[in-house]
Amino acid sequence: MWSWEAFFSFLHDPLLLQGAWTTVWLTTVSMALALPLAVLVALGRASGFAPLRLVTGSYVWLMRGTPLLVQLVIIYTGLPQLGLRLGVITSALVGLVLNEAAYLSEIVRAGVLSVPRGQSEAARALGMPPWKVFRVVVMPQALRVMVPPLGNSFNGLLKTTTLVSVISVEELLRRTQFAVQTNFRVLEGLTAAALYYLAMTTLWGLVQQWLETRVGRGYQARPSSGRRTRSAALELETR
């Protein structure tokens, strides 16, 4: 039978609070590391150098074609057999970053391809180096296309972190499992954990909405600058 007392005790349980914090920072760090890697992979797939396209394409094919759970187990238990032993947190971060970067690279590639090629060609004709063309011309416009799916990926990663509990990372789900063992109130404990996830994804939804509004805001000339421009033009005409 459902116990409200057990449910509210789970909501204030320090184990769940610590697990929620672990989930948040694990998601944030993984996303922060995966995004630069995704940009490099996307540029590699768009490169004119065939071997680089082959390597980056194979990486995306492998990471997207195999389950993250299998990748985590291989990293944590398989690499030590090759002489490379990683800690629990390091293994979780490596698995999440490599897997997430493969998906993010497709988002970045789609955003870059959405920018008309003529703009890049015009910038290069003005003498801009390729890195500056990408940073100044391509990336600001591509961000408008990339931000919504990138935000959705962060939202999904918040919940995907539950898989790292398999290799003993004490995030929210695993901490909930520990808390449940004290009174065997599984339903109440998991419901409390679900509310934590719902709260985290809701807060991120508000942040994502703000980011989309800020990035999607059009470039408009300030009224004051417009008045100065018209005044300058009238002054030149009167001379």
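Student: Before that, what sort of model is it, and how is it numbered?

Tutor: This is a predicted model, where local features need pLDDT of at least 70, side-chain atom pairs count only at pLDDT 80 or more, and totals for chains, interfaces and linings use all residues. Residues are numbered from 1 along each chain as its sequence is written, and side-chain values use heavy atoms, with hydrogens and water left out.

Student: How many salt bridges does the structure hold?

Tutor: Five. A salt bridge here is a side-chain nitrogen of Lys or Arg within 4 Å of a carboxyl oxygen of Asp or Glu. One of them joins Arg64 to Glu106, at 3.8 Å from N to O.

Student: Which parts does that pair tie together?

Tutor: Arg64 is in helix α3 (residues 50-65) and Glu106 in helix α5 (residues 88-113), so the bridge links parts 42 residues apart in sequence. Helices are DSSP runs (H or I, at least four residues), numbered from the N terminus.

Student: Is Arg64 buried, exposed or partly exposed?

Tutor: Partly exposed, at a relative accessible area of 42%. Buried means under 20%, exposed over 50%, and partly exposed in between, with a 1.4 Å probe and protein chains only.

Student: What about Glu170, which residue is its salt-bridge partner?

Tutor: Arg175, with the closest N and O atoms 3.2 Å apart. Glu170 is partly exposed at 35%, while Arg175 counts as buried at 15%.

Student: And Glu188?

Tutor: Glu188 meets Arg185 in a salt bridge, 3.5 Å from N to O. Glu188 is buried at 3% relative accessibility, and Arg185 is partly exposed at 30%.

Student: Switching to packing. How do α8 and α9 sit?

Tutor: Helix α8 (residues 172-180) packs on helix α9 (residues 186-216) at about 155 degrees, the axes being 9 Å apart. That angle makes the two helices roughly antiparallel, a label for angles over 145 degrees. Axes are lines fitted to C-alpha atoms, for helices over the stretch in contact, and angles run from 0 to 180 degrees between N-to-C directions.

Student: Which residues make the contact?

Tutor: From α8, Leu172, Leu173, Thr176 and Val180; the α9 side includes Val186, Gly189 and Leu190. Contact means heavy atoms within 4.5 Å. By class there are nine nonpolar, two polar and no charged residues. Ala, Val, Leu, Ile, Met, Phe, Trp, Tyr, Cys and Pro count as nonpolar, Asp, Glu, Lys and Arg as charged, and the others, Gly among them, as polar.

Student: At what angle do α2 and α9 pack?

Tutor: About 40 degrees, with axes 11 Å apart. Leu16, Leu17, Ala20, Thr23 and Val24 of α2 touch Ala192, Ala193, Tyr196, Tyr197 and Met200 of α9. That contact has nine nonpolar residues, one polar and no charged.

Student: Where is Ser30, and what does it touch?

Tutor: Ser30 lies in helix α2 (residues 14-45) and is buried at 0%. Leaving aside neighbours within four places in sequence, Ser30 contacts Leu93, Leu96, Val97 and Leu157.

Student: And Ala34?

Tutor: Ala34 is also in α2 and buried, at 0%. Not counting residues up to four places away in sequence, Ala34 touches Val97, Glu100, Ala101 and Leu104. The C-alpha atoms of Ala34 and Pro129 are separated by 26 Å, and the two residues are 95 apart along the chain.

Notes:
Angles under 35 degrees count as roughly parallel, over 145 as roughly antiparallel, 65 to 115 as roughly perpendicular and the rest as oblique.
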